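Here's a quick report on the model shown below. Have a look at it first, then read on.

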Amino acid sequence: MAAESFALEWWAWFQSFIWVILLLIGLIILYYIIKEIHDSKVTPRLAEIELEKEKLQLMKLDYAHRGQPFFRVTPEKLEEINTLDQENTRLEAEIFAKQNAVDQRIQRLENSVKSTKLDHLVEKIKDEERKIR
C-alpha cells in the first residue's frame, strides 16, 4: 500500500510538471533548429574567410622564399634609373602641356575661321536681300 501511495503521489507530481517539461524540451529543440539554420548560413562564409587566410599565408611564404632578385643593381645604376624616371615624368608633363596648348590654339583657329565664314555668309545674304528690294 505504501508503494502504491508513493507511486500515486509521484504520478500526481509528475502530471503537474509534465507541461513544463514538454515546454523545456520544445524550447531545446527549437534552439537547436535555430542554431543549425544560423550555422548553415555562417559556415560557408567562415570557410571563405579561412581560405583567404590560407591564400595570404601562401603568398607571404612565396614572397619570403623568393629572396634576392636574380640580378643585383648597383646603387649608382639605381640612382641613374630613378633620375631618368623623374626626367621622363617631367618631359611627359611638358609634352602634355604643349599638346594641350596646341589643341586649344587649333580650336581657337577653327572657331575664328567658322566665325569669319559665317560673317561672310551674313554679308552675302544682306547683299542678296538688297538686290531683291
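What follows covers overall shape, surface and charge, then a few side-chain pairs.

## Ground rules

This is a predicted model, so to speak of local features pLDDT must be at least 70, side-chain atom pairs count only at pLDDT 80 or more, and totals for chains, interfaces and linings use all residues. Residues are numbered from 1 along each chain as its sequence is written, and side-chain values use heavy atoms, with hydrogens and water left out.

## Overall shape

The chain has 2 helices and 0 strands; both kinds of element are DSSP runs numbered from the N terminus (helices are H or I with at least four residues, strands are E with at least two). Helix H1 takes in residues 2-66, and helix H2 takes in residues 75-132.

How does the radius of gyration of the chain compare with that of a compact globule of 133 residues? The chain has 45 Å, while the globule would be near 14 Å. That radius is taken over C-alpha atoms, and the globule rule is 2.2 Å times the number of residues to the power 0.38. Along the principal axes, the C-alpha atoms fill a box of roughly 140 × 75 × 15 Å.

For a sense of the distances involved, take Gln 107 and Leu 61: they sit 46 residues apart in sequence and 57 Å apart in space, C-alpha to C-alpha. Gln 107 belongs to helix H2 and is partly exposed at 39% relative accessibility.

## Surface and charge

What share of the 133 residues counts as buried? The figure is 0%, where buried means under 20% relative accessible area, exposed means over 50%, and partly exposed is in between (1.4 Å probe, protein chains only). The accessible surface comes to about 13300 Å², and carbon and sulfur atoms own 65% of it. These areas come from the Shrake-Rupley method with a 1.4 Å probe, and for residues only the protein chains shown count as cover.

On the charge side, there are 20 positive and 23 negative side chains, and the centres of the two sets lie 12 Å apart. Lys and Arg count as positive, Asp and Glu as negative, and His and the chain ends are not counted. Each charge is placed at NZ of Lys, CZ of Arg, CG of Asp or CD of Glu.

## Salt bridges

Side chains of opposite charge can pair when their charged atoms come close. The structure holds 4 salt bridges, each being a side-chain nitrogen of Lys or Arg within 4 Å of a carboxyl oxygen of Asp or Glu.

In helix H1, Arg 45 and Glu 48 are 3 residues apart, about one helical turn, and their side chains meet at 3.0 Å, N to O. Arg 45 is partly exposed at 48%, and so is Glu 48 at 45%. Lys 55 and Glu 52 also lie 3 residues apart in helix H1, about one turn, with a salt bridge at 3.7 Å. Here Lys 55 has a relative accessible area of 42% and Glu 52 has 44%.

Over in helix H2, Arg 90 and Glu 94 are 4 residues apart, about one turn. Their closest N and O atoms are 2.8 Å apart. Both ends are partly exposed, Arg 90 at 43% and Glu 94 at 34%.

## Aromatic pair

The count comes to 1 aromatic pair. The rings of Tyr 31 and Tyr 32 have centres 5.3 Å apart and planes at 70 degrees, so this pair is edge-to-face. The rule covers rings of Phe, Tyr and Trp (its six-membered ring) with centres within 6.5 Å; planes under 30 degrees apart are stacked, over 60 edge-to-face and the rest tilted.
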